[in-house]
Amino acid sequence: MTIIVNDLINDGSSPDVRKAVYKGFTRMLSNPPKKGEPFPSADYLAKVLPRLKVYIHDESEKVRKAFVEMLIQVKELDLSSFKYWEVAPAEHLLARLELEKEEVSKPLVHLIMSEFYTRDKPITSVLKRICKIITMNKVAARKLFMYSKKSMPLDLAVELILSILTVLRNRLKEIEENHAKTIALNKERKKRRRLGSVLSERNSNVKIDHLLRDYILN
């Protein structure tokens with residue numbers, strides 16, 4: 001395994017060699033033991049795979065696709081010892097999604113979409129995750145929905161769209177109300193300033209009248 005991890009994964013002579021490494025890991029993960037039996041290779045992979053996160057940026061498209069397919073297998077296996085995002089953190093996945101063509105983008109979308117948008121999650125949680133992804137990488141967020149057709153059922157897509165529209169409507173209403181309050185407050189302030197100016201002018205006139213009266217009387 002040392003030769004595989006240290007040498008073959010860095011073989012610059014042939015992308016097929018590097019691709020075969022990830023295919024081998026995928027094969028290992030796709031043959032788990034029966035329920036209740038130990039899975040010795042899981043502990044080893046939990047130590048090795050997170051060290052390979054930068055290899056998702058391999059120069060070869062077919063190697064990157066094999067890497068993503070390996071991540072999908074990690075997710076489907078659902079091991080307690082390690083998760084796919086420990087192998088390739090979100091920022092790496094989104095960076096790849098931003099740059100990838102359809103061949104690799106589709107499995108990437110399947111991996112990411114199935115994680116943050118499922119029927120058991122409340123829609124508010126989904127919207128927060130969407131906002132986070134948009135904040136992290138706008139281009140990747142756009143491609144996430146561009147290729148989401150097979151990863152998101154129609155009814156869930158409709159629910160998401162309606163929820164986004166509802167949030168936008170409520171936010172616009174809030175902005176309009178705040179704008180109206182600001183206008184009303186500014187008008188009140190102007191009215192008070194005019195009133196203060198009038199009162200100040202009246203006080204000045206009263207003082208002048210008193211001074212003139214005192215001058216005449218004296």
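Mentor: A patch, in the sense used here, is made of residues with over 30% relative accessible area and no salt bridge, and like charges are joined within 9 Å. Please keep in mind that this is a predicted model.

Trainee: Which residues gather in a patch of positive charge on the surface?

Mentor: The patch is formed by Lys-187, Arg-189, Lys-190, Lys-191, Arg-193 and Arg-194, and the charge is called positive because Lys and Arg count as positive.

Trainee: What makes Arg-193 count as exposed?

Mentor: The word exposed is kept for residues over 50% relative accessible area, and Arg-193, which lies in helix H10, residues 154–217, has a relative accessibility of 55%, so Arg-193 counts as exposed.

Trainee: Which residues form a nonpolar patch on the surface?

Mentor: Leu-154, Val-158, Ile-161, Leu-162, Ile-164, Leu-165 and Leu-168 form that patch, and together they have about 670 Å² of accessible area. One of them, Leu-165, lies in helix H10.

Trainee: What pattern does the protein chain follow when it is read along the sequence?

Mentor: The pattern is α-α-α-α-α-α-α-α-α-α, in keeping with a chain that has 10 helices and zero strands. Of its 218 residues, 33% count as buried, where buried means under 20% relative accessible area.

Trainee: How do you know that the buried residues of helix H9 are on the same side of H9?

Mentor: In helix H9, residues 138–146, the buried residues are Ala-140, Ala-141, Lys-143 and Leu-144. They cover an arc of only 165 degrees around the axis, and therefore they are placed on the same side of H9. The face of H9 turned away from this buried side carries the exposed residues Lys-138 and Arg-142.

Trainee: Why is the contact of Lys-23 with Glu-69 called a salt bridge?

Mentor: The term asks for a side-chain nitrogen of Lys or Arg within 4 Å of a carboxyl oxygen of Asp or Glu. For Lys-23 and Glu-69 the closest N and O atoms are 2.9 Å apart, and the pair forms a salt bridge. Lys-23 lies in helix H2 (residues 15–29) and Glu-69 in helix H4 (residues 61–77), so the pair ties together parts that are 46 residues apart in sequence.

Trainee: Why is Glu-69 called partly exposed?

Mentor: Partly exposed is the class between buried, under 20%, and exposed, over 50%. Glu-69 has a relative accessibility of 27%, and therefore counts as partly exposed, while Lys-23 is partly exposed with a relative accessible area of 39%.

Trainee: What parts does the pair of Lys-65 and Glu-103 tie together?

Mentor: The side chains of Lys-65 and Glu-103 meet in a salt bridge at 2.5 Å, N to O. Because Lys-65 lies in helix H4 and Glu-103 in helix H7 (residues 102–116), the pair ties together parts that are 38 residues apart in sequence. Lys-65, at 24% relative accessibility, counts as partly exposed, and Glu-103 is partly exposed with a relative accessible area of 41%.

Trainee: Where do Glu-102 and Lys-106 lie?

Mentor: Both lie in helix H7, four residues apart, about one turn of the helix, and they form a salt bridge in which the closest N and O atoms are 2.6 Å apart. Glu-102 counts as partly exposed at 39% relative accessibility, and Lys-106 counts as partly exposed at 38%.

Trainee: How many salt bridges does a search of the whole structure find?

Mentor: The search finds eight, and Arg-64, Arg-96 and Glu-100 are linked in a network of salt bridges.

Key: Residues numbered from 1 in each chain as written. Predicted model: local features only at pLDDT ≥ 70, side-chain atom pairs only at ≥ 80, totals over all residues. Heavy atoms only, no water. Patch = residues over 30% accessible without salt bridge, like charges linked within 9 Å, V, L, I, M, F, W, Y side chains within 5 Å. Areas by Shrake-Rupley, 256 points an atom, 1.4 Å probe, with all protein chains shown as cover. Charge placed at Lys NZ, Arg CZ, Asp CG, Glu CD. Helix = DSSP H or I, 4+ residues; strand = E, 2+ residues; numbered from the N terminus. Buried < 20%, exposed > 50% of the residue type's maximum accessible area, 1.4 Å probe, protein only. Arc of directions from axis to C-beta.
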